[in-house]
Amino acid sequence: MTAGTKEKSSHHKHRQDHHEFHDEHDPTVADKFNPNPVPEQACLILTHAPEVTTPTMDIDFRIQIIKIRDIGANNAASVIFLATQTWHLPEIKAMFENTSTAELPTMNSVPDAWFPPLVCLNADKLEEQPGVPTVDWRKGNVERRVYFNGTVTNELSQIRLFPFDWDDLRIICTADINAADMKRGQTRYMLVPEEAWTPRQMVPYYVEQSVQEWEVIVNMSTIGKWNQEIYKHKYIEQKEKRKHSHFNPKGSLFGSVKKIDAARSPEPPAADMSNPHLPPRESAVARSMHGVEITIHVRRRFEYYVYKIILVFNLIIFMSWAVNASSHKEFLNRMEVIATSAAALFAFIFSVQQDLPKLPFLTFIDKLMISGIFCLAAQTLQAVVSHKIDDWTDGDLGSTIDGWCSLGIPLLYIMYTSYIMNLVMRARGHDAMLEVRSTRRNLNQEHGVKAMQMMGM
């Protein structure tokens, strides 16, 4: 066998090992990216480039909440906060070492001085007032504070439990908006939470009293990194859970979040070999936007709604049950009591509408009011049916039906309201248990830090 025949046979065997790349008539990925044709041997290499990471520059970031005005049901929260960025400039330290302390240079005299951007991604109507940067010439660090005042978008995730709901007020900031200076090339500015910054420093004591309707839970507030790709998966999962929560919250209706997202934006398979004809690519998480996410856990104070709405509403319903004390033959007297109760009930509901959130779904207090309306409707039907049956029959069937309804309708109302109240308070108790665990964890961390400081570590 000649050398040419051996080379042809070896090439044919190599084609069989990678036949999946040659049996298809569609152009390969390399043909789409490269206008110039490539040799056939180059197409045998896997067409997905290896993952790479763009050089990044970390910027220490911390935030301090100054005031929380209001957290409304219109997907907006009014806040005032102060954001601080700290970054390193080697040019400043070099200029300080070569300059006398009496003639310190200013930021305007520093060549190639740059300022990282700062964007609040969930800003609604937020005014930004950047301050004058301060410089630590010995360390070469620059610190800039930005004052924010306005509203941020905030989706009340547990508003279905109103007025026993809670929420995580989020503030998402980033400097990763494709900003890069000419000297450093395509360097990405990455906000990094300052390690020494604690939730108590983020939420001072006076902020807890700034909003009367909500209780600020500092021990459950967090400061952490944020990634757009990871946040997208988390948002889809929460949305699917809320969508099917009234069917089967623990069943298989949620599906797989990864499968749902993969069907919308599939990622190419992982690569084992690199193709020199393709540019390097980053993973979905690496190339997505990064930042810092601040969550402030708040819990609604429900005393106002319990004493002034829920209690008064139930008293009106209980007073309407007084019709069961009279005989079913006194039809007109019964209807007068029911009509008076219905008028008082609807007037009360109309008067408290301004204190209730207007949402496209039912909350706990909405279900309670609807069940009260159905209770009055059932009592009306009870009075009419028991009265008419006496006219149609000669027995005591009307009295029997009236007796069972007088006992069954109030019992059903109490059972239903107790059931939904139990569900709500169990969820509220679970959130309180998480608060206890977070408090213990924070105390253990503080004791550990103090012990390390005493040991001189």
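**View 1. Residues 245-282 of the predicted model, a segment with pLDDT under 50.** Helix α6 covers residues 257-264. Among the elements of the chain, helix α6 has the lowest mean pLDDT, at 35.

**View 2. Residues 1-52, also with pLDDT under 50.** For residues 1-52 the model has 51 contacts beyond four places in sequence, while pLDDT stays under 50 over these residues.

**View 3. Helix α8, the element with the highest mean pLDDT.** The mean pLDDT of helix α8 is 94. Helix α8 comprises residues 303-320, and tyrosine 307 has its place in this helix.

**View 4. A nonpolar surface patch that includes Tyr307.** Tyr307, Leu311, Leu315 and Phe318 make a patch of about 410 Å². Tyrosine 307 counts as exposed because its relative accessibility is 56%, and the cut-off for exposed residues is over 50%.

View 5. Of the 457 residues in the chain, 37% are buried. The accessible surface comes to about 27,400 Å², with carbon and sulfur atoms accounting for 58% of this area. When contacts between residues at least 6 apart in sequence are considered, 78% join residues at least 24 apart. The average pLDDT of the chain is 74, and 65% of the residues score at least 70.

Terms used
Residues are numbered from 1 along each chain as its sequence is written. This is a predicted model: local features need pLDDT of at least 70, side-chain atom pairs count only at pLDDT 80 or more; totals for chains, interfaces and linings use all residues. Side-chain values use heavy atoms; hydrogens and water are left out. Buried means under 20% relative accessible area, exposed over 50%, partly exposed in between (1.4 Å probe, protein chains only). Contact means heavy atoms within 4.5 Å. Accessible areas come from the Shrake-Rupley method with a 1.4 Å probe; for residues, only the protein chains shown count as cover. Patches are made of residues with over 30% relative accessible area and no salt bridge: like charges are joined within 9 Å, nonpolar side chains (Val, Leu, Ile, Met, Phe, Trp, Tyr) within 5 Å. A salt bridge is a side-chain nitrogen of Lys or Arg within 4 Å of a carboxyl oxygen of Asp or Glu. Helices (H or I, at least four residues) and strands (E, at least two) are DSSP runs, numbered from the N terminus. pLDDT is the predictor's confidence in each residue, from 0 to 100.
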